[in-house]
Amino acid sequence: IVDIAAGKTQTVVVTAKGTIFGLGKTLTGELSSITNAVKAAVGNGYILILTSDGNVFKYESGKATQISQISNAIDISVVNDVNMYQDKDLNVYTWGDNSNGQLGNNSKIDVTDPSKVYENSFTLAAGYNNSYIIKTSGEVYASGKNTYGALGNSVRDDSQEYVLVGNREFDISPASKIMTVNDVEKINISSNSFNAFNANTK
């Protein structure tokens, strides 16, 4: 087994041979039409399947259909109706339910086809009302519903675009200085943010 994915009513297993097995409402038993799977993700009544050649298939109502707009994927993530994939150039694409701005495209309009929303990504993760991206530099970005602080940015405002996860506290140096006319002073401003590779950094 190389991957296991689970949803409300479905569990999917991907074997080292590239075959898919399902337990649940959407798929029960082997999915014989795909033999080169490397990862699966369970959505709301469907399964997304990533194959070794970079294609993505959607299995729904007993049929696996290739998503024609995707040909170079290296990762996928799905929760409910929020879909994400990362391509070989480290770009992130989203589509699906956008009722809380969780697709990170600066709107709340649902999207039917994958659309690019971010670059230089290390990895990604979808949630019911949010989506998350870790950049190659380690910073974490989040989008979507923020009623309970799910975006991790020290406020409770929802965001329709990706915002930096961090506490928004700023350090200014020097904090104060008496100056006269024509004096020039360099001011350094830094802020706390969460870095997935180096814990809390500035």
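Strand E1 (3–6), strand E5 (37–42) and strand E9 (73–79) each contribute at least two residues to the lining of the largest pocket; strands (E, at least two residues) and helices (H or I, at least four) are DSSP runs numbered from the N terminus. The model is a predicted one, in which local features need pLDDT of at least 70 and side-chain atom pairs count only at pLDDT 80 or more, while totals for chains, interfaces and linings use all residues. Residues are numbered from 1 along each chain as its sequence is written, and side-chain values use heavy atoms, with hydrogens and water left out.

The volume of the largest pocket is about 300 Å³. A pocket here is an open set of points on a 1 Å grid over the protein atoms alone, with protein on both sides within 12 Å along at least five of seven lines, whereas a cavity is a set where a 1.4 Å probe fits but cannot get out; lining residues have an atom within 4 Å of a point. Points are joined across faces, edges and corners, and the volume is the space filled by probe spheres set on them. The lining of the largest pocket comprises 19 residues, and Gly7, Lys8, Val42, Gly43 and Asn44 lie nearest the pocket centre. E5 supplies the largest share, four residues. Sorted by class, the lining holds eight nonpolar, eight polar and three charged residues, where Ala, Val, Leu, Ile, Met, Phe, Trp, Tyr, Cys and Pro count as nonpolar, Asp, Glu, Lys and Arg as charged, and the others, Gly among them, as polar.

E1, one of the strands that supply the lining, has Asp3 and Ala5 on a covered face and Ile4 and Ala6 on an uncovered one. E1 runs antiparallel to strand E2 (residues 10–14), to which four bridges join it; two strands are taken to pair if DSSP finds at least two bridges between them. Within this pairing, Ala5 stands opposite Val12. Three residues lie between E1 and E2 in the hairpin that they form.

E13 and E14 are antiparallel and joined by five bridges, with Ala126 opposite Ser131. These two strands make a hairpin with three residues between them. Five bridges also link strand E14 (residues 130–135) to strand E15 (residues 140–144), again in the antiparallel sense. Here Ile134 faces Val140, and Asn130 stands opposite Gly144. The hairpin of E14 and E15 has four residues between the strands, and Gly138 in its turn has a positive phi of about 105°.

The loop between E15 and E16 holds Asn146 and Asn153. Asn146 counts as buried because its relative accessible area is 0%, and Asn153 is buried too, at 2% relative accessibility; buried means under 20% relative accessible area, exposed over 50% and partly exposed in between (1.4 Å probe, protein chains only). The side chains of Asn153 and Asn146 are joined by a polar contact of 3.2 Å. Such a contact is a pair of N or O atoms within 3.5 Å; within protein, one must be able to donate a hydrogen and the other to accept it, and residues adjacent in sequence count only if both atoms are side-chain atoms.
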